[in-house]
Structure formats: C-alpha cells, structure tokens
Amino acid sequence: MLFVRTGRVNNIFLGWLVGLAALVLAPFLAKPLHMDAPLMVWAARQVRQDPLHFYSVAVNWFGTVEGLDRILRMPPLFAAVLSPLAYHEALLPFIPLAFALTAVAGIFVLARLWGADPLWACLAAIATPAFVVCGSLVMPDMALLSFWVWALVFQVKGHERPAWWVAATLCTTAAVLTKYSGLTLLPLMGLYSIAKDRRFSIGLLSLILPLIALAVYQQFTGSLYGEGLFSESARYAFGYQPHTAGWAMRKSLTALSFAGGGFAVGVFFFPFLWPAKQRTPWAIGAAVVAVLALVAGPFESFSFSSRTGVRWGLLIQFVVSTMGGIQWVALAFSEWQRRRNPASLAVVAWLGGTMAFAAYFNWSVTVRSLLPALPVIAIVLAWRMQSVGVPLRQRTGAIAVAAILALAAGWADARLAFAARETARQTGSLKTTAENIWFQGHWGFQYYLEKIGAKAVDYERSVILPADRLLIPLNNIRVQFPPRDSVDHLGTLVVPGPWGLTVHHGELGAGFHSDYWGPLPLAFGPVPPEKTLLLRPRSTLKYPS
C-alpha cells in the first residue's frame, strides 16, 4: 500500500507534519486571551496559590460574584498544567500549541495502526478550522484531544503488548480529569477491545482507574464545595437544555453543521469521493436540510427568516455545512461496511458518540466539543482517498484550499480577541474623566478591562454613580441595557473585527464557540465591527432594578 514506508521515512514524515502544524499555529501565539480563557488563567493562579482549593476564588462571570466552582464546570488538570505560567500571559499560548503538536503525532501513529495513510490523515486534520482555532485558544480542548488520541493509540498497541495498557490508563485518566466529556472515551475503548478480542480482555481493566479518579474527585469536591462538581456539572448541562418542541431537531442539525464547517476539509473533497451517479441523493438531502432549517427554527437567538424575507446567503452556507457533517457520518458508515473490522467499528462509535454528546448532553453545541472527533475525520478521509484512488493533484488542491479556509477562520477568531483588547486599551483614556469605569460582558473583554481597573457590573448589588461610565459591548454575553431615559449615550467605541468571515457574530448566525449565536460554525458576509456603547448615568443606577 502507498502508506507503507520504512521506519526512518515515517519518522521524517512525522517530524515534517509536526513542524508544519507548528508553522500553522505560530502566527497565533500573540493572540490575546479569548472567550473562556480568563477562567482558565484565574483557576491556574488559584492552583498555584492553593492547589487543594483549586476553585476557591470568587469571580463575576455570570453577572454576579460567585465561586469559580459554580462557573468553571470542568476538572482542574488543565489549570494545573497552566499554573507555572499563570502570571506570564505571553507564554500561555505555548501550552495549547504543545498539546496540538502531540495530538498531530498521535493521529499519525493511530492512522498507521488502523491502516490509513498517516501523511494525508494528518494533513487533513491540520487543514481544519477546528484545529487552527482550538489550537490557538488557552483552553483545555487541545489537551483533551491529545490525551484522547494517545489513549487509543496505547489501547490498540496494548493488544500486541499488554504493557501499553498502563499508558492507556494514564492517558484516559488524564482525559477525564481534563474535561468531563473524556468519559465518552471509556465505552469507545471498551468497544474496541471487545471487538478486537471477541471476549473479555485484560485491557478493559484500564478503564477502571479513570472511574476511580472521577469518583475520588466527586467525593473530594463534595466535601470542599458542598456538592460534587461532576454531578453539579451534569445537572447544570441537563437543566440548561430547554427540551422544547423541535429541540432535538435543531440540535441535530446544528451539530451536523458544526461538524461540516469545523472539519470543512471534507467539503472540498466531496467531488472526488462520490461518483456522479451517487450525487443525486446528496442534492435531495440538501433540499431537505434547507426546508428543515426554515421550519425548525429559530436556532437559539438566530433565524434564517427575517422581516425582509429568507436570508438565502446564510441558508446556503448552512446547507453546505450541514451536508458536510452528514458526509462525515456517511463516510464513517461506508468505510465500516467496506472494512468490517474493529477499527472501522470504533470510528463509527467514536464519531457518533462525540456528536451525540455535543448535541444533546453538553450545555451548548460548540466546535470545541466536537474536537475529539478530529482524528476520526482524518482517518476516515484517508481511508476513503485510498479506497477510491483520489489522485495526488486533487488531494493536494483540496488540502490547500481547506488550509486557506482554516487559516482564515483562525485569523477571524484572532481578530475578535485583538478587538477586545484594543477596546480595553482605548477605554484606559477614560480613567482621567470618570470616577469608575463599569462594564457588562465577559470573556477576554472582561479580562483586559479588569487589568486597567474597570469593574464588572454585578446585577445583584452594583451601584453606578453619575460620575461613572458604563461600557456595554454589542457582541458579547449577559448584557442588560438600562432604560434609555436613565443614561446618556456619550459615544460608541468602534474597533475593526474580522473581514468577510467570522466565527462569532449573532447577526450572521456564526457560533463556533456556542450555538447560542447561531447554527453556523463560521459565516461569510459583511461582518460588523466590534462596537461598545459608552454610557453615563443621569442618576444613580442601582442593581437589581
């Protein structure tokens, strides 16, 4: 087969691919802290000060001051990894970069073990918006992916040499203590081992330690914070979902859209993977998705229908993205039917489990929650290229175009992060004319404003005086506009954001980081600049009011 190479050649390719991944992510090392990254930094600083009370610090993130244990719903392993660099902001992006590189190495090894060309599998993984955006966020998603893929590598190798199951156990435990979604790795590994050995395997014992670790964590945090943080997180995620009529349909479509757009490399391979005679069902499917998008909406706060009519441009993008997600499911099942081996069965379960968790069990659908499926799409695409014999020229062209889109998505996300920091910088000049600067909104916007001494509005107890100033960002969360007759509008801070492509804006339905903003992981169109209202109270504003 084409991918069978000598050990030395494979090592060269592996080194080249890891270097390429580093080159792709290097431009984003200067990216400011973005989205939920400030929470990770605050947790890391707390771990550094008091490792056993890792979330015993009060912050205002949901509109009022509360303990980090009620906000950051994930185990503290990643915060512990960040803690040595917690006060060195410029060095923090190197942590997710390191995990991204080890994830690429893991995909390379797993692809070889499962009979896929590791070169093209890794190229496909790198050339995705999910890899570029998540690889440049100071958040635990890349760490989870790295632990996840290496756990499977060691589980597979353990069937040849059982000593590897020790490493599989450690990686699985690390995955579970990085994000709770790492639990979905356990049935996947168990399914693979049973399918491989056709009987109870000693490798199944490697699944016990992660469960013990989670049980200990649940008990310890229960004694520390009054309720075990794992059960509290599960209760929060389940309670957050509205479970209204059409909820499952909307979440299913959104998860497919996020998979298709977050792993958009598959869209560019579509003409080479399916013969012309097989494309009619895809056209029919696209029409069905378009109809469902119109009748199943609105999607959280976004609708494809407006007072002026259907938003056709965004609807077409949604259909393409959703069909891209459906293609990944179809490819996984197709390769399972073709191969009928433990690896192809694991791929189907891996993709299905990840998408089900992201759609129905997480508090919000995000591309980040789909990231553990990145090795699946890489391997299944490499399998398919080999099965249908995609020529080198077509492979290279599709990967190149996909890489351009991935870099554009990464840059769009970085522009949002830079805009938040720039808004904070411009706000610094107000300190000479205002008694206090208050703000609503969170994410990196909060982090950089607090660095200059601004205060987050507490909706339960803040008092804002006429001599103060209030900032309200328009592309942010948890904002509450005061009555118009209670404030004077002094102006609007306008900072350029992304150009022509965004991963986060409610007006375009782009919700890469949360489907609350819309069912598209990324959207093309005229992206509004980042705007922040500057207000002055006419009289004292007291919350709650």
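Reply: W443 is buried, with a relative accessible area of 9%, where buried means under 20%, exposed over 50% and partly exposed in between, with a 1.4 Å probe and protein chains only. The model is a predicted one, in which local features need pLDDT of at least 70 and side-chain atom pairs count only at pLDDT 80 or more, while totals for chains, interfaces and linings use all residues. Residues are numbered from 1 along each chain as its sequence is written, and side-chain values use heavy atoms, with hydrogens and water left out.

W443 belongs to helix α20 (residues 443-451); helices (H or I, at least four residues) and strands (E, at least two) are DSSP runs numbered from the N terminus. Its phi is positive, at about 65°, although W443 is not a glycine. Most residues other than glycine have a negative phi.

Turning to the ring pairs, the structure holds 25 of them. Rings of Phe, Tyr and Trp (its six-membered ring) pair if their centres lie within 6.5 Å, with planes under 30 degrees apart called stacked, over 60 edge-to-face and the rest tilted. F54 and Y217 are stacked, at 6.2 Å centre to centre and 15° between the planes. Because F54 lies in the loop between α2 (37-49) and β1 (58-60) and Y217 in helix α10 (residues 208-225), this pair ties together parts 163 residues apart in sequence. Both partners are buried: F54 at 6% relative accessibility and Y217 at 8%.

In the pair of W114 and Y192, the centres are 5.7 Å apart and the planes stand at 35°, so the pair is tilted. It links distant parts of the chain, 78 residues apart, with W114 in the loop between α4 (94-113) and α5 (118-126) and Y192 in helix α9 (residues 185-197). W114 and Y192 are both buried.

F54 and Y217 also belong to a cluster linked by ring pairs, together with Y55, Y180, F220, Y225 and F230.

Charges also sit over rings, a term that requires NZ of Lys or CZ of Arg within 6 Å of the ring centre and within 35 degrees of the ring normal. R340 lies over the face of W336, 4.1 Å from the ring centre, and the charged end of R421 is over the ring of Y448, 6.0 Å from its centre. R340 is found in the loop between α15 (312-339) and α16 (342-361) and is exposed, with a relative accessible area of 53%. R340 has a positive phi of about 50° although it is not a glycine.

Finally, the peptide bond from Y543 to P544 is cis, with omega near -5°.
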